[in-house]
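Here is a walk through one protein chain. Take a look at the model before reading on.

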Amino acid sequence: MSGFKKRPIVLSVITLLTLVFAGGDPARTQTLNAVKERGTLNCGVSQGLLGFSSMDDKNAWNGFDVDICRAVAAAIFGDPAKVTFMPLDAAARFSALQSNKIDLLSRNSTWTMSRESSLGLMFTGIAYYDGQGFLLRRDAGIDTALQLGGKTVCTQTGTTTELNLSDYFRANDMALKVLALGTAEETLKAYEDRKCDVLTSDVSQLYAERLKLAAPDSHIILPEVISKEPLGPAVRQGDDQWFNLVKWTLYSLINAEEFGVKSATVDDAVKSSNPNIRRLVGADGEFGEQLGVAKDWAARAVRAVGNYGEIYERNVGTQSRLSIPRGLNALWTQGGIQYAPPVR
Ligand SMILES: N[C@@H](CCC(=O)N[C@@H](CS)C(=O)NCC(=O)O)C(=O)O
């Protein structure tokens, strides 16, 4: 009799353990379920930043940040087209995530402490190591940021750029005039119209924005990089399964580059004898299933958009108009700091 009485307790403990270990707690699995039910990933991107997220003449989205959205969609659905891109300006991007308008933000956003401690967001990794720089007219005759005292500098509201700018000028005892505008387009226009002498932003963006100017070669980017801007995808806090899926999709792209797995060779990789490659592409282990997706989730992502190096070179590197050197974004095995934890 006493054994019978204990049964409900034993059962509820088993139910709880099942929920915890199977990741079945609804609050912790809601995003992936919602995305699967909807049949498309809602991904927040920038409104038009060449190389990162911009629309081509066939109305297709292109770019480094866009490819991260596509990689996550491919990991979930096996289809990189199952993404709805939502262009957002800098000020609107985080509330779009908080209000569930998007599932994922992949929009040249800097991982900072306050964006996690006060906005309820989490960055899933560093997709692009960037830093803030300055662009100005070559004929201004200035070759170091320390000569910028008294200049008017254009920046965009709602970005990390504003505070870095005032910190840098204050630290170097230089007078600063700031012109802060709402969108990247307005900011560039103000610079073009000579309402400011200097444009400041993440260096990658300066490369992109310079290409939109009438004579790109008559504008230079100064050598100083005044801040750390680790850019990466962000999600809402409270859904660990989703956080893990986005994080490990990014890491899979980086690991794929390290192990030489490319979009064109990913199908051969399944036959590889290298255990690291076998685990990555789903030939060994159950890593995909543990994340709530298919065994070959990472292979699907790489097949769709290529590995990290392919994504970089195609969008912002040597094969693109931006031609930004890999720099810090080279793999740790190649003199850079891109380093993904292992799949095991
Ligand atoms: N990485 C910085 C800056 C990001 C940012 O939004 N910069 C503007 C400066 S030009 C921009 O990307 N605009 C592009 C757009 O609005 O589409 C941050 O996270 O605050």
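**Charges, fold and rings**

The chain carries 37 positive and 38 negative charges, and their mean positions are 5 Å apart. Lys and Arg count as positive, Asp and Glu as negative, while His and the chain ends are not counted. Each charge is placed at NZ of Lys, CZ of Arg, CG of Asp or CD of Glu.

This is a predicted model: local features need pLDDT of at least 70, side-chain atom pairs count only at pLDDT 80 or more, and totals for chains, interfaces and linings use all residues. Residues are numbered from 1 along each chain as its sequence is written, and side-chain values use heavy atoms, leaving out hydrogens and water.

The chain has 14 helices and 14 strands. These are DSSP runs, numbered from the N terminus (helices: H or I, at least four residues; strands: E, at least two). Of the 344 residues, 49% are buried. Buried means under 20% relative accessible area, exposed over 50%, partly exposed in between (1.4 Å probe, protein chains only).

Now the rings. The structure holds 14 aromatic pairs. Rings of Phe, Tyr and Trp (its six-membered ring) pair if their centres lie within 6.5 Å; planes under 30 degrees apart are stacked, over 60 edge-to-face, the rest tilted. Phenylalanine 64 and tyrosine 312 have ring centres 6.5 Å apart and planes at 90 degrees, so the pair is edge-to-face. This pair links distant parts of the chain: phenylalanine 64 is in helix 3 (residues 64–77) and tyrosine 312 in helix 14 (residues 308–315), 248 residues apart. Phenylalanine 64 counts as buried because its relative accessibility is 1%. Phe64 and Tyr312 also belong to one aromatic cluster with Phe52, Tyr128 and Tyr308.
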